[in-house]
Amino acid sequence: MEEEEHEVYGGEIPDVAEMEADVDMSAPDDDPAVKELDEMKRRLKEMEEEAAALREMQAKVEKEIGSAQDPATAAASLANKEEADSRSVFVGNVDYACTPEEVQQHFQSCGTVNRVTILTDKFGHPKGFAYVEFVEVEAVQEALVLNESELHGRQLKVLPKRTNVPGMKQYRPRRYNPYMSFGFRRPYPPPYFYSPYGYGKVPRFRRSTRYMPYY
DNA sequence: GTTGAGCGTT
C-alpha cells in the first residue's frame, strides 16, 4: 500500500525529453500535483471531443430517423427527386475526357441547363455517363433529339432519366398472369411500344381501375 | 488503377 503510493508519486523519474517538454510550465516540473492536473486537463479535453463527436453523430441519426419516420418529409424529398428527374436526362457513352462544361454546351440549345453531373468512380475517373438537369420540363424532349449526336467523336445515348433501375440488364421473372398462358391470343397488341431512344421495349401499364365504372 | 460500364446526391 505505502509502497504503491510511494511509487505513484516518486517512482516516475522524468527523463530529459519530458523535462524539456515541460519548460513552458509556470509551476515546477517536479511538482506531481501539476502533472496530475495536466493529465486531468488532457483527459477532460479528450472527453469534450468525444462528447462533441457523439453529439454530431446523434444529430445525424436523429435527422435520418426524422426523415425516415416523418412520412411528409420522406414524401416531400421523394417528390422533389422525382420532380428533378422529370427535368433530367441520362446521357451515356460520354467520353472520359469530356467536361461538364462541354456537356452543358452540347445541351444548352435544348433549354436552360440547371446542372450537369458526370459520374465518376472512386478514383475520380469518369464512368462514361452523366445526368443533365434542365430548368424546364420541355427541355427533356428536346434533349432526346440529341440521342446519337456526337460529342468527342462518340455517339451519345440520351434517355429520360430514371432512378433505381439497376435491373435493366437482368432478366426479371414476371408475376404469373393467367392471360399470358399458352394458347391465349390477345385481341389487341401487347401494351408495349418500342422506344426509339432506349434499349428494347418500355412497358406501358394499363390502369384498368381508373376506367372502372362505379356502381 | 489506364477503361467503354446503363441511372447519383446536397
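In the predicted model, R115 has E133 of strand 3 as its bridge partner. E133 is also the bridge partner of S88. The pairing of strand 2 with strand 3 is antiparallel and extends over six bridges. These two strands form a hairpin in which five residues lie between them. Within the turn, G124 adopts a positive phi of about 85°. Strand 1 likewise pairs with strand 3 in the antiparallel sense, here over four bridges.

These pairings belong to an open sheet of four strands, arranged in the order 2-3-1-6, with antiparallel pairing. Strand 2 and strand 6 (157–160) are the edge strands, each of which pairs on one side only. On average, and with direction ignored, neighbouring strands of the sheet are turned by 25° against each other. In general, the strands of a sheet pair through backbone hydrogen bonds, in either a parallel or an antiparallel manner.

Helix 5 lies across strand 1, strand 2, strand 3 and strand 6. Relative to strand 2, the helix runs at about 135°.

The largest nonpolar core comprises 21 residues, of which V89, V103, F107, V132 and F134 touch the most other members. Two or more residues are contributed to this core by each of strand 1 (88–92), helix 5 (100–107), strand 2 (113–120), strand 3 (126–134) and helix 6 (138–144). The greatest contribution comes from helix 6, which supplies four residues. The surroundings of V103 may be described individually: when neighbours within four places in sequence are left aside, V103 is in contact with V94, V116, I118, V132 and L151. One of these partners, V132, is itself among the core residues that touch the most other members.

The cysteines were considered separately. C98 has a relative accessibility of 6% and is therefore buried, since this value is under 20%. The relative accessibility of C110 is 10%, which is also under 20%, so C110 counts as buried. A disulfide is a covalent bond between the sulfur atoms of two cysteines. With a disulfide taken as a pair of cysteine sulfur atoms within 2.5 Å, the count of disulfides in the model is zero.

How values were computed:
Residues are numbered from 1 along each chain as its sequence is written. Chains are lettered from A and ligands numbered from 1 in the order in which they are written. This is a predicted model: local features need pLDDT of at least 70, side-chain atom pairs count only at pLDDT 80 or more; totals for chains, interfaces and linings use all residues. Side-chain values use heavy atoms; hydrogens and water are left out. Buried means under 20% relative accessible area, exposed over 50%, partly exposed in between (1.4 Å probe, protein chains only). A nonpolar core is a set of buried Ala, Val, Leu, Ile, Met, Phe, Trp, Tyr and Cys residues joined through side-chain atoms within 4.5 Å. Contact means heavy atoms within 4.5 Å. Two strands pair if DSSP finds at least two bridges between them. Axes are lines fitted to C-alpha atoms, for helices over the stretch in contact, and angles run from 0 to 180 degrees between N-to-C directions.
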